[in-house]
Amino acid sequence: MRRPVLILLVVVLLLVLAGVVVFVLLPSGGGGATTTTNGTTVANTTGGQTVDTATPTIVQPIVVAVQLLSRGIKIPESGIDVRNWPKTSVPTQAIGGDQKSLVIGQYAKTDIYPEEPILNNMIVDDITKIAASGSDAALQIPPGLIAVAVPISRNTGIAYGLRDGDRVDIITSMLLTDVDQAFQSRTPNQISFTFVKQDGTIGLVAGSPGRLEPSSFSQFPVLLSPLENQRPRLVTQRTVQNALIIHVGNFPTTGGFISTPTALAAPTAVEASASSSNNNASPVPTATPALPDVVTLAVSPQDAVALIFFIEQHVPLTLALRNAQDKQKTTTVAVTLNFIISNYQ
């Protein structure tokens, strides 16, 4: 009888131990275990689901641009909208969404880009107040450079293919002649011979252009005279390199030239009706834009002085277009008649 009782006690003890293990491993009270996700505590519910207890982001409606609003533009209603912005990141001078109507019709004091918050210091109610901001041209000049206007034509301006933002080199052609350093006049000089008269005074023989050369036929030198005037020698060289084109053509007298067309409003019913009635009318020819005859370059101060010298001396200037990514400066050899004969046979 003792052995069956001992076996029964062992079975009961094993059942008790199994219950304790199950009690420890299973979650108690409908799920009290917690986990952490992204720094936020998430609790397990009785159904095994999780509940995110993250604090919601607080936003504030502000006015932003929905198209490029160039400096000086009168802000249209279609150019702005209201966006919810994280309150902790709202700029100090941002304009609230309830003040959108106050922005319409104001003038942009500076360029305002799409999705950029519009600040109070970016707009003015009078366009004359923008004058203190300077011209658009000045905003495009890189620090350390200055702007100079250079005349162009179809041949010297890459067949009118230049555009704002291009980079160019300038090739200069000059006609050179030999000059007397003291007289600063073309050589040869006019040579006159002197002699002593019988009365002791100095006599002068009428001068002739030329130069004295030793003679193999006489103990006296001979005077070599040219048959024609000295021929100027053409020299061509690349001078200014990697100049930035600020603008092609004339600037507007207002000083602003960077602009983006504003969105057009939908036509009214009257306008739509008038348009449909004129479909059969002859189209109005578009005016041909004037070809540019000047280009404004941003160059170093020293290059600017050289360009002004060339322009004042009426030296021909030809622009050579560079690759958009090429900003290196290299050395070239001046081209003369001797260079052409030596290198091109």
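R83 and E115 form a salt bridge, with their closest N and O atoms 3.1 Å apart. The term covers a side-chain nitrogen of Lys or Arg within 4 Å of a carboxyl oxygen of Asp or Glu. This pair links distant parts of the chain, 32 residues apart. R83 lies in strand 5 (residues 80-86). E115 sits in the loop between strand 6 (107-108) and strand 7 (123-124). Strands (E, at least two residues) are DSSP runs, numbered from the N terminus.

The model is predicted: local features need pLDDT of at least 70, side-chain atom pairs count only at pLDDT 80 or more, and totals for chains, interfaces and linings use all residues. Residues are numbered from 1 along each chain as its sequence is written, and side-chain values use heavy atoms, with hydrogens and water left out.

How accessible are the two partners? R83 has 26% relative accessibility and counts as partly exposed. E115, at 41%, also counts as partly exposed. Here buried means under 20% relative accessible area, exposed means over 50%, and partly exposed is in between (1.4 Å probe, protein chains only).

By the salt-bridge rule, the count comes to nine. Side chains of opposite charge can pair when their charged atoms come close.

A second pair joins R238 to D169, with the closest N and O atoms 2.9 Å apart. This pair also links distant parts of the chain, 69 residues apart. R238 belongs to strand 16 (residues 233-238), and D169 to strand 9 (residues 167-176).

D326 pairs with R322 in another salt bridge, with the closest N and O atoms 3.4 Å apart. D326 is partly exposed, with a relative accessible area of 32%. R322 is buried, at 11%.

Which residues do shared partners join into one network? They are D81, R83, K100 and E115.

F193, F195, V205 and L212 form it, with about 340 Å² of accessible area together. Patches are made of residues with over 30% relative accessible area and no salt bridge; like charges are joined within 9 Å, nonpolar side chains (Val, Leu, Ile, Met, Phe, Trp, Tyr) within 5 Å. Accessible areas come from the Shrake-Rupley method with a 1.4 Å probe; for residues, only the protein chains shown count as cover. F195 is placed in strand 11 (residues 194-196). F195 is partly exposed, with a relative accessible area of 41%.

Note on methods. Helix = DSSP H or I, 4+ residues; strand = E, 2+ residues; numbered from the N terminus.
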